[in-house]
Amino acid sequence: MFKKTGNFLSLFILPTVFVSGLFFTTSKPIKKKDKKEGSDAVSSPFHLVTKQQEIWADSVLKTMSLKEQIGQLFMVAAYSNRDENHAKKIDVLIEKHHIGGLIFFQGGPLRQARLTNRFQQKSKIPLMISIDGEWGLAMRLDSTLKYPRQMMLGAIRDNALIEQMGEDIAEQCKTIGVHVNLAPVLDINNNPKNPVIGSRSFGEQKENVADKGIAYIKGMQNKGVMANGKHFPGHGDTDKDSHKTLPTVTASKQRLNQLELFPFKKAFDYNLASVMVAHLYVPALDSTTNVATTLSKNVVQNMLKKELDFKGLVFTDALNMKGVSNYSSPGELDLKALLAGNDVLLFSENVPLAIQKIEQAIEKGKVSKKEIAKRCRKILLAKKWLFKSANTRVDQTPSLLDSLNKTAYKAHIRKLTQASITLLKNQNNLIPLKRLDTLNIASVAIGSKKVNAFQKTISLYKNATFFTHASIESKAIQDKLLDQIQAHNLVIISLHNTNERPYKNYGISKATLQFIEKIALQKPVILVSHANPYALNKIKNLEAFKGLIVGYDNADITQEYTAQAIFGGTFIKGQLPVSVGRFSAGSGVVIDKPTRFGYTSPEHMGVSATDMALIDSIAIDGVKKKAYPGCQILVAKKGQVIYNKSFGYHTYDSLRAVKNHHLYDIASITKIASTTLSLMHLTNTGEFDVDIPMRYYIPEIVQQSPYADLFFREILSHQAGLVPWIPFYAKTTKKNGGPDPLYYQHQFSSDFDIRVADNLYLSHGYLDTIFERIITTPLLSKKKV
């Protein structure tokens, strides 16, 4: 029931998630049940609809005038980066024309939150707020998190990661007052020249697109945000942009059913709550000249709603796009979209005129009041599910930014990125690199003006020579670079800062591609593309490269993981989502396990970054108190470095600062990492006491030995008088320094089972010799550190 509170009509929610005309879930979705024979297609499409819900929807509808009902069908564009005049125009549309929703475009989260609160306060019925957030709120808003584009997600084998992403984005949407995320894109990108879908698609394989789309949908709708599958009936096989013109899809209806419609039908089975109809000319579905699918009753009403039995909300694509606005005027265009069967009229250019045109159409009998009421009722039922309480106000304080940028979300982005990295070629198992001591590496970053995240990550593993070039088209630059890399026996070429425009090969010039092929014919080259995978189609000789890695985008995190992949710091499990050259969709060399340390964030490994930050203060305090002149601290968990910083100087004269790449002579690690921790544990369990003499624990030490009365407290604090070093190895070598066969063998056996180096094993009996040597070595006269 709605309750009038000032100028605001509050919404009380009944405790159920099944609504007439729509089917939503708040936990793991159940596949949609078949419609009962003879049931009404609008009022009762599912057998679990309750009478209370019917009463609620009807009671609200009875309070609304015809104009208010028409107004609910409109979702108007709003911008938080525009001036007060823009906001006042929205105020008028809400208060005078009773629009049902807003779609927010460019701006910032705090500004949008303030506008959302303002607009919701002015609306008698809560507004349904939407956004294009295909890769998160960052698609439209600054100061928010950017997730990978869908083509990059299409490379991931584990769909659970995408479902988690859907949950993250839904939480962020709800935090900022957004109820509908206009995602995912369910288009199959089967045309590499597509200028508007491309990387927005999960790829060219219909099963992969469907599975990824469903995972994204489940994640969002499980968290109470409406997903929107677009662009029905499939915008993938076009070479034109519907923002600028009306693209044509020439496929037959049979092909459309088998391919383009496949992901949509699968998503419908998993209760997709809304769908967006594209502005396309598809003669196989409606051959009327210049009539877009959005405006085709045959497509929307007959095919989508009846033939495919879709019961969710049907959105038009934006009605200001040239694919439809070139052929119909504002107002008339909105009416055509309504008559075609759409429920939500998105981005109307003239709402007052459109309402007038619809009212005139009702008077002329072109559309009935009953049909308007059905569409309005459907939207109200959707709002009932979306608004879980009467309070629509969102946080508009600076803390909103913290809520939208949680470290847990950032850790999930790292996991998505790591899982997407794709190894297409690995000649002679070159990757991960081995025997780094034999490699003289040149790293050539094309499209980068300075050393970037990719090259900085390389430096964590190997000193390399770095070359950076924003452009490499000049012959003089090319000749100079060829000369500079002559001494190197491995070249890593990385592509950066490209774009998404296929007609200019994503910003990579023909001269650049020819040059990197030229290098590959002269030197062993690993090519790493931080670009749309289609960009590789322009390289004529991919076989010239020894290794080929696709990173999909140029984000710093992506660059970090592509570099780690080369050196064995991460697994590589990505699969190519589209066909490139000889590599078909689904290609990808799998390397299951890292071979070296990787580098990641603490949260990625389940550790709090806040807790890790305490290390800084401890290290700095030690330097200030001169416990040490400087130090380097590295923390790794499960093979992943989550903290690595340096403090202070090499010596107390403070001449040379400690850097992360400086090497320390590390010894006695076993005492710290094994013995000390074991003794701490045994102390906690009461099985060990540092103040009991050594003879109690080591009875082999005779009573007369000075070692018998040593206490472990003295030993652990370096105050027992033990000799600092005994060269046990000295008596096991021959005069020339080589291993004495009396003590060593090159093969493992029961007698020679102590491995001291590759293919070198020490006699088991020598352990007794070591023990005897220790307890017969005299103690120092003074017991002090």
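A: Helices and strands here are DSSP runs, numbered from the N terminus. Keep in mind that this model is predicted.

Q: How many helices and strands are there in the protein chain?
A: The protein chain holds 25 helices and 24 strands. Its C-alpha atoms fill a box of roughly 115 × 65 × 55 Å along the principal axes.

Q: What percentage of the 785 residues in the protein chain is buried?
A: Buried means under 20% relative accessible area. By that cut-off, 52% of the 785 residues are buried.

Q: Which residues touch the most other members of the largest nonpolar core?
A: Start with the general idea. In soluble globular proteins, nonpolar side chains tend to be buried together. Now this case. The largest nonpolar core has 115 residues, and Phe74 and Leu102 touch the most other members. Helix 13, residues 351-363, gives the most to this core, with 6 residues.

Q: What does Leu102 touch, leaving out residues up to four places away in sequence?
A: Its partners include Met75, Val76, Ala78 and Ile90. Phe119, Leu127, Met128, Ile129 and Ser130 are also among them.

Q: Which residues does the second, separate core include?
A: This core has 39 residues. Met151, Ile493, Ile508 and Ala531 are among them.

Q: How does the reach of helix 14 compare with the expected value?
A: Count 1.5 Å a residue. Helix 14 runs over residues 369-386, which is 18 residues. From first C-alpha to last it reaches 26 Å, close to the 26 Å expected.

Q: Why is helix 14 described as largely enclosed by the rest of the structure?
A: Because 14 of its 18 residues are buried.

Q: How much space lies in the largest pocket, and what lines it?
A: About 1,500 Å³ of space lies there. The lining has 35 residues, and Lys671, Ile715, Leu722, Val723 and Pro724 lie nearest the centre. By class, 24 are nonpolar, 8 polar and 3 charged. Helix 22 (669-684), helix 24 (712-716) and helix 25 (766-775) each supply at least two residues. Helix 22 has the largest share, 7 residues.

Q: What about the second largest pocket?
A: About 750 Å³ of space lies in it. Of its 19 lining residues, Gln632, Leu634, Asn660, His662 and Leu663 are the closest to the centre. Strand 20, residues 630-637, gives the most to this lining, with 3 residues. The classes are 10 nonpolar, 7 polar and 2 charged.

Notes
Residues are numbered from 1 along each chain as its sequence is written. This is a predicted model: local features need pLDDT of at least 70, side-chain atom pairs count only at pLDDT 80 or more; totals for chains, interfaces and linings use all residues. Side-chain values use heavy atoms; hydrogens and water are left out. A nonpolar core is a set of buried Ala, Val, Leu, Ile, Met, Phe, Trp, Tyr and Cys residues joined through side-chain atoms within 4.5 Å. Buried means under 20% relative accessible area, exposed over 50%, partly exposed in between (1.4 Å probe, protein chains only). Helices (H or I, at least four residues) and strands (E, at least two) are DSSP runs, numbered from the N terminus. Contact means heavy atoms within 4.5 Å. On a 1 Å grid over the protein atoms alone, a cavity is a set of points where a 1.4 Å probe fits but cannot get out, and a pocket is an open set with protein on both sides within 12 Å along at least five of seven lines; lining residues have an atom within 4 Å of a point. Grid points are joined across faces, edges and corners, and a volume is the space filled by probe spheres set on the points. Ala, Val, Leu, Ile, Met, Phe, Trp, Tyr, Cys and Pro count as nonpolar, Asp, Glu, Lys and Arg as charged, and the others, Gly among them, as polar. The expected span of a helix is 1.5 Å times one less than its number of residues.
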